[in-house]
Amino acid sequence: MDTRTNDALRLQWSIEQFLYEETGLLEERRFAEWLALTTDDIVYAMPVRTTRTLRDFDKRFLPIERAGHFREDKQTLSIRVKKLADPKSWSENPPSVPRIFVTNVRVRETEIDDEFLVISSFMFTRTRMEQSYAPITGRREDILRRAETPYGFMLARRMIYIDHAALPGSGINTLI
Amino acid sequence: MANRTQDLNIIDLFDRENGIVKASIYSDPDVYKLEMERIFSRSWLFLGHEGQIPKFGDFLVTTMAEDSVIVSRQGDGTITAILNQCRHRGNRLCLADMGNSKSFRCTYHGWVYNSAGGLVGMPHETDGYHNKLNKAEWGAIRVPRVEIHKGLIFGNWDAEAPALSAALGDVAWYLDAFLDGAEGGIELSGPHRHHVKCNWKWQAEQHGTDFYHAAISHNSALTALNPPGAPPTSFEYTQTPDETGYQFGMPELGHGAAGWFPARNDGLVRFAPAPAPAYLGGPAREEMRARLGDIRTDEMGSLVMTVFPNLSLNRAARYLRVWQPRGPNRTEVVHYIILDKKMPEEVKDAIVRGTSFSFNASGLFEQDDSENVALCHRGASEGHISRQTPLNVQMGLGFGGPHPDFPGQINHVYAEEGARAFYSHWQDLLMGGAK
Ligand code: FES
Ligand SMILES: [Fe+2]
């Protein structure tokens with residue numbers, strides 16, 4: 001194998017490992033550890049999808065600065081994590097069980113060295129007591145930045161493009 | 001209908017003298033059917049805001065309860081609403097949520113309607129229908145009444161219904177606090193839609209009455225919002241459980257509103273990050289004072305209200321939402337963030353972020369509300385015995401009365417005046433009574 005292919009394989013592998021590890025932290029509710037893997041300039045957002053005809057298809061997601069299910073920065077993510085640890089956070093005590101399947105991982109170089117656009121597909125399920133909520137599916141578009149973390153990267157951006165015009169399962173109380 | 005009404009014994013579903021509601025009202029399919037016939041087919045229902053469809057041909061698709069409707073801007077500037085249904089075999093006419101189109105062609109056999117519902121043509125009109133089909137009779141079903149209140153579009157299936165202004169009554173004074181604070185009016189961000197497994201009445205009632213839940217339900221959100229180092233529930237940064245405030249109930253029309261008035265005067269800037277507070281607390285506030293007066297500017301920042309049957313607004317969080325029934329056991333929440341049209345872009349941006357963080361579907365506060373109402377619904381609807389339980393709506397019963405500043409029947413903020421008003425009108429309509 002030539003060096004270029006070798007490098008590409010290593011990059012793909014290490015980015016996939018990062019995604020599995022950080023997603024594992026979310027599944028295991030180790031939210032503070034997950035937060036430590038996000039950069040100080042993190043953008044973490046879920047735009048609103050609408051159903052549009054082909055003519056307007058490029059307008060199917062409402063512009064994120066004018067609408068969105070959420071759009072967090074480091075500070076608001078920290079507040080979310082703080083709330084999740086509070087035993088009086090009734091919606092998550094007893095805790096729900098989040099399960100996140102990540103697949104179809106594609107890595108793209110960006111204009112910035114050591115920053116990569118990583119596109120993946122996901123399915124998120126939440127089970128609490130004897131009930132499972134309707135699954136949420138979609139596409140993550142992440143920016144990963146190389147960094148001295150146990151997993152070699154930090155998350156600098158996560159755009160979550162869901163497939164649903166109406167968010168099922170009354171939203172997401174944990175992180176995705 | 002008479003039989004079902006008797007079987008249901010509507011008079012027993014809500015005891016307004018004693019403030020008792022029967023648990024079955026939240027899940028009984030017969031109650032739900034009757035609500036569709038006698039409430040949602042006779043009441044003014046929120047459809048959208050004029051600013052969503054500014055130009056000829058602009059349309060949005062929404063629902064009136066479960067009925068899909070297309071709301072369109074016509075060439076003469078008026079707004080029409082039609083049932084999103086082809087008169088041939090019932091197919092949906094429009095599948096998009098919004099767009100611009102002056103006509104809608106059914107994708108099954110190709111009947112074509114203009115956006116006001118008129119049937120304008122179909123394939124094989126000559127050889128198939130022998131030119132005998134009277135197109136004037138086969139237009140899409142039109143919502144007979146569409147009226148606008150300060151940009152908000154409402155529709156009513158009842159051609160004989162009283163005017164929107166009469167149906168709003170005293171609640172308009174409260175509603176206008178959201179709509180009329182700035183020249184140029186409001187615009188809506190959204191819609192954001194999500195589903196909750198509960199009956200539509202839980203949250204409609206709740207928004208017209210319930211400040212009682214906030215300190216308990218939202219304890220963890222309030223604590224998380226405290227600055228680092230603050231004691232766990234100091235509420236300093238966010239909310240203190242004030243003991244003062246008012247609640248408004250209007251049993252003849254079903255509306256309710258409440259707030260920590262007058263103490264909670266900073267509510268207008270509660271949830272938005274910079275630069276919104278400086279803007280809202282500065283020039284915008286002075287304009288608001290000139291337009292709305294001192295009380296609605298300084299004292300009513302925490303106003304939350306329900307316009308009967310299913311439109312609710314929250315002033316501190318700056319949202320407007322509709323509780324769309326999706327069968328007795330599910331609600332689609334159609335949620336908008338309220339912006340003043342003239343606000344600078346960066347203020348709008350900050351408000352959208354702040355409201356989505358706190359009250360959109362996954363918001364810090366909304367999480368606990370959604371989970372609580374879904375659990376109320378399960379508690380009241382799962383189990384034969386559970387469905388028979390009389391539930392308590394007695395808070396402040398008999399303590400309501402007039403107030404010099406606030407229109408309507410006023411009670412302490414911790415009361416269920418709004419809930420009793422909601423269920424009183426709900427019951428009147430189910431019995432076929434007053435509109
Ligand atoms: S169902 Fe619409 S044209 Fe036949
Ligand atoms: Fe709440």
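This is a predicted model: local features need pLDDT of at least 70, side-chain atom pairs count only at pLDDT 80 or more; totals for chains, interfaces and linings use all residues.

Modeller: Before the strands are followed one by one, a convention is needed: two strands are said to pair if DSSP finds at least two bridges between them, and the strands themselves are DSSP runs of at least two residues, numbered from the N terminus.

Strand 15 of chain B has antiparallel partners, and they can be taken in turn. Strand 14 of chain B, residues 246-250, is joined to strand 15 of chain B by 5 bridges, and within this pairing Y246(B) stands opposite G259(B). The two strands make a hairpin with 4 residues between them, where G254(B) takes a positive phi near 90°. Strand 16 of chain B, residues 304-307, also runs antiparallel to strand 15 of chain B and is joined to it by 3 bridges; here G256(B) stands opposite T306(B).

Another covered strand is strand 13 of chain B, residues 186-196, in which 11 of the 11 residues are buried. It pairs over 9 bridges, in the antiparallel sense, with strand 19 of chain B, residues 331-340, and L188(B) has I338(B) as its bridge partner there.

Which residues does H194(B) contact, once its neighbours within four places in sequence are left aside? H194(B) lies in strand 13 of chain B and counts as buried because its relative accessibility is 2%, where buried means under 20%. Its contacts include T331(B), E332(B), V333(B), A361(B) and S370(B), together with A166(A), L167(A) and S170(A) from the other chain.

Those contacts with chain A lead on to the interface as a whole. The contact takes 42 residues from chain A and 46 residues from chain B, and the area buried between the two chains is about 3,700 Å², of which carbon and sulfur atoms give 47%. On the side of chain A, R66(A), R71(A) and K83(A) supply 18% of the area that this chain buries against chain B, more than any other three residues.

Chain B also holds open sheets of 3 strands. One of them has the order 8-9-10 with antiparallel pairing; its edge strands, each pairing on one side only, are strand 8 (103-105) and strand 10 (119-121), and neighbouring strands are turned by 30° against each other on average, direction ignored. Strand 9 of chain B, residues 112-114, pairs with strand 10 of chain B over 2 bridges, and V112(B) stands opposite G121(B). Another open sheet, again antiparallel, has the order 1-2-20, with strand 1 (14-15) and strand 20 (390-392) of chain B at its edges. Strand 1 of chain B is joined by 2 bridges to strand 2 of chain B, residues 20-22, where the bridge partner of F14(B) is V21(B).

Chain B also supplies the protein donors of the iron ion (ligand 2), namely H213(B) and H218(B), each through NE2, and D369(B) through two OD entries, lying 2.1 to 2.3 Å from the ion. The angles among the 4 donor atoms run from 57 to 149°, and the site is irregular. Along the chain the donors follow the spacing H-x4-H-x150-D, and distant parts are linked in this way: H213(B) is in the loop between helix 6 (200-207) and helix 7 (214-217), while D369(B) is in helix 12 (residues 364-381), 156 residues apart. Both H213(B) and D369(B) are buried.

A loop residue is the last stop. S41(B) sits in the loop between helix 3 (29-38) and strand 3 (45-49) of chain B, and it is partly exposed, with a relative accessible area of 29%. Beyond its neighbours within four places in sequence, S41(B) is in contact with M36(B), N156(B), W157(B) and D158(B), while the C-alpha atoms of S41(B) and A65(B), 24 residues apart along the chain, are separated by 8.9 Å.

Notes:
Residues are numbered from 1 along each chain as its sequence is written. Chains are lettered from A and ligands numbered from 1 in the order in which they are written. Side-chain values use heavy atoms; hydrogens and water are left out. Axes are lines fitted to C-alpha atoms, for helices over the stretch in contact, and angles run from 0 to 180 degrees between N-to-C directions. Donors are N, O and S atoms within 2.8 Å of the metal (3.2 Å for Na, K and Ca); water is not among the atoms, so sites may look incomplete. Four donors count as tetrahedral if all angles lie between 85 and 135 degrees; four count as square planar and six as octahedral if opposite donors are over 155 degrees apart and all others between 65 and 115; anything else is irregular. Buried means under 20% relative accessible area, exposed over 50%, partly exposed in between (1.4 Å probe, protein chains only). Contact means heavy atoms within 4.5 Å. Buried area is the accessible area (1.4 Å probe) that two parts lose on being put together, summed over both.
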